[in-house]
Amino acid sequence: MGPAPLLSRRALLAALLASSAAPVAAQNAAQPFALPDLPGPLRPLGGLVIDAKALGGGGFSGAHLAPDLTLTLISDRGHWAEARLVLDGLTPIGLYPLHHGPLRDEAGRALLRGFNADAEALARLPDGTWLVAFERRHRIRAFRRLDGPGAYVAPPPGLENAPANGGLESLAVLQDGRLFAIAETFAPPERPELRHAWLGVPGRWVPLYWQPAPGFHPTDAAILPDGSALVLERRFSLLGGFSARLVLTAPAALRSAREGTVLRGEPILMLDDAPLPAENWEAVAVTRFGDQTLVALISDDNESILQRSLLLLFAWRG
């Protein structure tokens, strides 16, 4: 079957207002813009400039895109948001807020913005449980609902030694149920070009390494339907500003990885203003939609007037 037809405005409003969670104002929180066609395995479909305030605030650092086009975001300011991505065919034309709120601790108390609230990665288990990875106070929490309490999850061994702002930024669920986690800047002293990474499940983590491109740091990961991993890497300098790249790791490399394995990816997309916008790209999400595999990239605006919250949407043709 092909993609679902575009919802009429009346049908969309009815769906939003019927949400079981408390809805927010049903108005488009994004402005679309076109993307040029590019060679390679990703076909650009279009982009959105997101009104982060309509989603409770910016700083988006992790994302999940469901087959029904519900986009779930978490922020390094300690909040989460859900919105409905609206397509015209496959072209993104809108983002309609559904609901949002603060992330919570194990007792259900809202996390106070700051040290305890720096959420950086989001993944969803097959049973619907949300996993959120945090920096500064390094940990993983499990949420049956994002508006509920976050339960303790045994983190990868050694994560407590990561730099405050260099812990888990990448967290993805493999098709066999294992988790794939990568630290942003946490590196072995003897191999500073590598990053600590892990495969496994809580309590049975296998330590390995990720090798980013020189000057780049991994910021997120997502899994394609064939089991390949997409890893997003970002670079920043005061003179050059932001740039990013998306790399592909074959499923065989993940299946055969053992303790101490060094994983790396082949570049498939560059984001450096030529011709895709150079922003603070922090999140990647993958979903099936009809007969298409969609790949979404989200940028973190750091709640700064000098940066933007953007969504870029691609169709996988690899």
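1. Strand S5 (residues 79-88) has nine of its ten residues buried, so it is largely enclosed by the rest of the structure. Buried means under 20% relative accessible area, exposed means over 50%, and partly exposed lies in between, with a 1.4 Å probe and protein chains only. Strands are DSSP runs of E with at least two residues, numbered from the N terminus.

2. A word on the source. This is a predicted model: local features need pLDDT of at least 70, side-chain atom pairs count only at pLDDT 80 or more, and totals for chains, interfaces and linings use all residues. Residues are numbered from 1 along each chain as its sequence is written, and side-chain values use heavy atoms, with hydrogens and water left out.

3. Now the partners of S5. Two strands pair if DSSP finds at least two bridges between them. Strand S4 (residues 70-75) is joined to S5 by five bridges, and the two run antiparallel. Ile 74 has Trp 80 in S5 as its bridge partner. The two strands form a hairpin with three residues between them. In that turn, Gly 78 has a positive phi of about 85 degrees.

4. What joins S5 to strand S6 (residues 91-102)? Ten bridges do, and these strands run antiparallel. Leu 87 stands opposite Pro 92 in S6. This hairpin has two residues between the strands, and Gly 89 takes a positive phi near 70 degrees.

5. Five of the six residues of S3 are buried, so S3 is largely enclosed by the rest of the structure. S3 pairs with S4 in the antiparallel sense, over five bridges. Leu 65 stands opposite Leu 71 in S4. Here the hairpin has four residues between the strands, and Leu 69 in the turn has a positive phi of about 70 degrees.

6. Next, the largest pocket. Its volume is about 590 Å³. A pocket is found on a 1 Å grid over the protein atoms alone: it is an open set of points where a 1.4 Å probe fits, with protein on both sides within 12 Å along at least five of seven lines. Lining residues have an atom within 4 Å of a point. The volume is the space filled by probe spheres set on the points.

7. Which residues lie nearest the centre of the largest pocket? They are His 64, Arg 124, Val 173, Ile 223 and Val 286, out of 27 lining residues. The largest share, five residues, comes from S20. By class, the lining has 20 nonpolar, five polar and two charged residues.

8. S20 also belongs to an open sheet. Five strands form this sheet in the order S1-S2-S22-S21-S20, with antiparallel pairing. The edge strands are S1 (30-33) and S20 (281-289), and each pairs on one side only. Within the sheet, S21 (residues 292-299) and S22 (residues 310-316) pair over five bridges. Ile 298 stands opposite Leu 311 in S22.

9. Last, Asn 280. This residue is found in the loop between strand S19 (266-271) and S20. Is Asn 280 buried or exposed? Asn 280 is buried, with a relative accessible area of 2%. Among the residues that Asn 280 touches are Arg 234, Phe 242, Ile 298 and Asp 300, not counting residues up to four places away in sequence. Contact means heavy atoms within 4.5 Å.

Conventions. Nonpolar A, V, L, I, M, F, W, Y, C, P; charged D, E, K, R; others polar.
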